[in-house]
Every structure is written in structure tokens, then in C-alpha cells.
Amino acid sequence: KFDDEGYPAFTPEDYVPIFKRLGVTLVIRLNRKQYDKDRFTRQSVRHMDLYFPDGSCPPTQIIENFLMVTEQERGATAVHCKAGLGR
């Protein structure tokens, strides 16, 4: 499965079993919304949005939120953006 730009197009449902096997309990999305976070939360994987523009540095508040949340999370955290190139 590939998206319109040629990137692999895995769905949240594809990732949940992998994340559970690896102990991932939180997903942090850095890009704009492209799926409903409930697709993770319904499967007991927490979800958080920390959007900032691609190719830029995150604002201090986003860095502080990221550090606070990940340091307190009991399991592993998966962090993603759209293509993994500009962040």
C-alpha cells in the first residue's frame, strides 16, 4: 500500500499490533492530522498531537511538552511525522 506521493501507507490498525508487541503505549504525531486518533486510543494506545511546521524547529512549549510526557510515560513512545524527512 502506497499513498499518492509514493510513501508506504500503513494504517493505525497496521501499527497497533506491532506497537503492542514492542511495548509502545503512546503515539506522538508531529504533522497535521491525517487520521483519527481514536484509531489508536480505541486499542488502548494513547495519542498526542504536537504539531509544528515541517522543516522548522519546534517551539519551546512543544519541546517542554514532549519531554514531560515522554519522561512520565510508562511504556515506549512512537513519534512520527508524515515522511520523516524535515523534522
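This report walks through the pocket, a surface patch and the salt bridges of a predicted model.

## Ground rules

Residues are numbered from 1 along each chain as its sequence is written, and side-chain values use heavy atoms, with hydrogens and water left out. Because the model is predicted, local features need pLDDT of at least 70 and side-chain atom pairs count only at pLDDT 80 or more, while totals for chains, interfaces and linings use all residues.

## The largest pocket

The largest pocket holds about 620 Å³ of space. Here a pocket is an open set of points on a 1 Å grid over the protein atoms alone, where a 1.4 Å probe fits and protein lies on both sides within 12 Å along at least five of seven lines. Its lining has 22 residues, each with an atom within 4 Å of a point. Closest to the centre are Phe 10, Tyr 15, His 80, Cys 81 and Lys 82.

Helix H1 (12-22), helix H2 (38-41) and strand E3 (76-80) each give at least two residues to this lining; helices (H or I, at least four residues) and strands (E, at least two) are DSSP runs numbered from the N terminus.

## A nonpolar patch

Phe 10, Tyr 15, Ile 18 and Leu 22 make a nonpolar surface patch of about 400 Å². Such a patch joins nonpolar side chains within 5 Å, from residues with over 30% relative accessible area and no salt bridge; areas come from the Shrake-Rupley method with a 1.4 Å probe. Tyr 15 sits in helix H1 and is partly exposed at 33% (buried is under 20%, exposed over 50%, partly exposed in between).

## Salt bridges

There are 4 salt bridges, each a side-chain nitrogen of Lys or Arg within 4 Å of a carboxyl oxygen of Asp or Glu. In one of them, Asp 14 meets Lys 1 at 3.0 Å, N to O. Asp 14 lies in helix H1 and Lys 1 in the segment before H1, so this pair ties together parts 13 residues apart in sequence. Asp 14 is partly exposed at 27%, whereas Lys 1 is exposed at 64%.

Arg 39 pairs with Glu 13 at 2.7 Å, linking helix H2 to helix H1 across 26 residues. Arg 46 and Glu 73 come within 2.9 Å in another salt bridge. Arg 46 is in strand E2 (residues 46-49), and Glu 73 is in the loop between helix H3 (60-72) and E3. Arg 46 is partly exposed at 46%, but Glu 73 is buried at 15%.

Key:
Grid points are joined across faces, edges and corners, and a volume is the space filled by probe spheres set on the points. Patches are made of residues with over 30% relative accessible area and no salt bridge: like charges are joined within 9 Å, nonpolar side chains (Val, Leu, Ile, Met, Phe, Trp, Tyr) within 5 Å. Buried means under 20% relative accessible area, exposed over 50%, partly exposed in between (1.4 Å probe, protein chains only).
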